[in-house]
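Colleague: Hi! Could you walk me through this model?

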Amino acid sequence: MKVLVTGVAGFIGFHLARRLLLDGIEVYGIDNLNSYYDVKLKKDRLSKLLEIKGFSFELIDLTNRDEIMNLFATKTFEYVVNLAAQAGVRHSIEMPRDYIDSNVTGFLNILEACRHYPVKHLIFASSSSVYGMNTKIPFSTADNVDRPISLYAATKRANELMAHSYSHLFKTAITGLRFFTVYGPWGRPDMAYFKFARAINEGKPIDVYHFGDMQRDFTYIDDVIDGIIRVMYNSPVINSELINVVPYKIYNIGNHKPVSLMHFIEVLESAMGKKAEKNFLPMQLGDVLITYADIDDTIRDVGFLPHTSIELGIPLFVNWYRDYYDT
């Protein structure tokens with residue numbers, strides 16, 4: 001078996017590739033190593049993967065249609081997990097074209113490649129951001145999601161619609177995963193918890209938006225990887241006799257336990273052994289008050305059941321942070 005992981009030098013891509021490799025599965029990874037955040041961190045993740053038998057890497061940008069098509073023409077993949085994307089809600093306000101190029105055009109290239117060089121199952125990263133202005137909680141995949149409040153969220157919703165059309169037209173088995181605030185070792189430096197850790201370590205104040213009155217469904221990376229793998233091996237049914245049944249699914253991958261931002265900060269302070277000086281600020285553009293994943297269908301269909309509380313997950317992140325940055 002060979003699995004293609006795009007965005008393999010990213011946070012989730014790195015952990016997925018590592019887990020698959022340790023399970024004895026061959027992984028072909030691609031990434032463009034862009035400078036949205038520290039490239040050294042991405043290269044260090046890659047170096048860890050290259051130490052494991054069965055890993056191959058190629059520097060490819062998803063927006064390069066010819067390179068993507070050539071990759072699929074010369075390699076044979078049974079599964080494709082598309083995790084490459086331009087991340088970050090707030091950055092999409094400042095650099096919108098980056099999101100259209102990477103998240104829309106880049107994803108189209110993956111869909112076209114899977115159309116012409118069929119795979120057993122294409123899994124792609126969506127986001128809890130698609131729920132936008134929804135007020136009904138927990139967020140269900142059955143909810144209407146036509147009110148995104150950032151371009152990032154809009155591109156992720158566009159991915160879901162594009163994937164559905166390709167699945168319908170070409171009977172490609174495709175599943176989208178709406179991730180909820182993923183955290184853990186080797187995480188993204190642009191995420192709030194990472195910024196908090198750095199500021200606390202350096203004795204600098206942390207910016208706490210909406211005066212701390214927010215909740216997030218923080219989901220530990222190991223639980224996320226377990227969810228991805230369970231979904232990967234459970235592709236939507238393809239039945240050519242049922243013309244109205246599309247081999248397409250959407251799942252929430254979340255902890256199903258929202259945590260207040262202030263409690264999260266308290267747990268981080270405890271793990272770091274330092275109190276944070278807090279700079280309380282109004283809500284940021286593109287932000288929401290609460291994220292809360294309804295995972296009933298993910299539990300029912302693939303047996304996904306997250307089990308890592310922030311009391312367990314945050315100390316694991318802090319231990320890695322101190323080791324990696326030698327603090």
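Colleague: Is E160 buried or exposed?

Modeller: E160 is buried, with a relative accessible area of 1% (buried means under 20%, exposed over 50%, partly exposed in between, with a 1.4 Å probe and protein chains only). One caution: this is a predicted model, where local features need pLDDT of at least 70 and side-chain atom pairs count only at pLDDT 80 or more, while totals for chains, interfaces and linings use all residues. Residues are numbered from 1 along each chain as its sequence is written, and side-chain values use heavy atoms, leaving out hydrogens and water.

Colleague: Which residue forms a salt bridge with E160?

Modeller: R178 does, and the closest N and O atoms are 2.8 Å apart. A salt bridge here is a side-chain nitrogen of Lys or Arg within 4 Å of a carboxyl oxygen of Asp or Glu. E160 sits in helix 6 and R178 in strand 6, 18 residues apart. (Helices, H or I of at least four residues, and strands, E of at least two, are DSSP runs numbered from the N terminus.) R178 is buried too, at 2%.

Colleague: How many salt bridges does the structure hold?

Modeller: It holds 17. One of them joins K204 and E202 at 3.3 Å, N to O; K204 is partly exposed at 48%, and E202 is partly exposed at 45%.

Colleague: New topic: what is the strand order in the open sheet?

Modeller: The seven strands run 3-2-1-4-5-6-11, with parallel pairing; two strands pair if DSSP finds at least two bridges between them. Strands 3 and 11 are the edges, each pairing on one side only.
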